[in-house]
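Welcome! Please take a moment to look over the sequence and the 3D view before reading on.

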Amino acid sequence: RQSLDQLSQTYTLLRTYRHASLYLMLWFMFSDGVFVLGTIATLFANAEVDWGCGSKTLGLLGLTMLACLASGMGNVVATRLQTRLKLSTKQMLIGSLIVALTIPLWGILGYVIPGIGLKHGWELLV
C-alpha cells in the first residue's frame, strides 16, 4: 500500500515537471525501439546471413557481445569527443543519427549491388 502511495505522489509530482516527464516518455520509446531493432537484427542474422566458415551460433553470440561492447565504448568516445570538440548536445544527436543511418543504408545497397549489403557475417561484425 505504501509503495502505491509513493508511486501516486511521484506521478503527481512528475506532472508538474513537464520536461522530465517528456524526457522519460521519449526515453521509453527510444529504448524500446532500440531493443526491438536489436531483436529483429538478431533474427535477420540468424535467418538470412551467410556466416561463411564459422558457425551461426558463434557468429550470433559474437554479434550480440560486440553490440554491447561497442555501445559502451561508443558512449565513452562520444562523451570525450563532445568535450574535446566543444559540440552541443544537438550537434552530437545529429551526428549519432547520421552514424546510425549508415547501417540501414548499407543494407539497402544490397538490393542494388550484389555481394554486399548485410549478406555476410563479416559485414555485421564490422
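Here is a short briefing, grouped by topic.

This is a predicted model. The protein chain has 5 helices and 0 strands, and its pattern along the sequence reads α-α-α-α-α.

**Overall shape**

- The protein chain has a radius of gyration of 20 Å, whereas a compact globule of 126 residues would have one near 14 Å.
- Along the principal axes, the C-alpha atoms of the protein chain fill a box of roughly 55 × 45 × 25 Å.
- Among contacts in the protein chain with a separation of 6 or more, 38% are between residues 24 or more positions apart.

**Surface and charge**

- Of the 126 residues in the protein chain, 10% count as buried.
- The protein chain has an accessible surface of about 10600 Å², and carbon and sulfur atoms make up 72% of that surface.
- There are 9 positive and 5 negative side chains in the protein chain, and 17 Å separates the centres of the two sets.

**Helix 1**

- Helix 1 covers residues 2-16, which is 15 residues, and at 1.5 Å a residue it should span 21 Å.
- Is helix 1 buried or in the open? The number of buried residues among its 15 is 0, so helix 1 lies largely in the open.

**Lys 86, between helices 3 and 4**

- Lys 86 sits in the loop that links helix 3 (56-85) and helix 4 (89-112).
- The phi of Lys 86 is near 55 degrees, a positive value in a residue other than glycine.
- For background, most residues other than glycine have a negative phi.
- Lys 86 has a relative accessible area of 73%, and because the cut-off for exposed is over 50%, Lys 86 counts as exposed.

**Val 49, between helices 2 and 3**

- Val 49 belongs to the loop between helix 2 (18-48) and helix 3.
- Is Val 49 buried or exposed? Its relative accessibility is 5%, and since buried means under 20%, Val 49 counts as buried.
- Val 49 and Glu 123 are 74 residues apart along the chain, and their C-alpha atoms are separated by 9.4 Å.

**Thr 79, in helix 3**

- Thr 79 is part of helix 3.
- With a relative accessibility of 47%, Thr 79 counts as partly exposed.
- How far apart in space are Thr 79 and Asp 50? From C-alpha to C-alpha the distance is 35 Å, and the two residues are 29 residues apart in sequence.

Notes:
Residues numbered from 1 in each chain as written. Predicted model: local features only at pLDDT ≥ 70, side-chain atom pairs only at ≥ 80, totals over all residues. Heavy atoms only, no water. Helix = DSSP H or I, 4+ residues; strand = E, 2+ residues; numbered from the N terminus. Rg over C-alpha atoms; globule rule 2.2 N^0.38 Å. Buried < 20%, exposed > 50% of the residue type's maximum accessible area, 1.4 Å probe, protein only. Contact = heavy atoms within 4.5 Å. Areas by Shrake-Rupley, 256 points an atom, 1.4 Å probe, with all protein chains shown as cover. Lys, Arg positive; Asp, Glu negative; His and termini not counted. Charge placed at Lys NZ, Arg CZ, Asp CG, Glu CD. Expected span 1.5 Å × (residues − 1).
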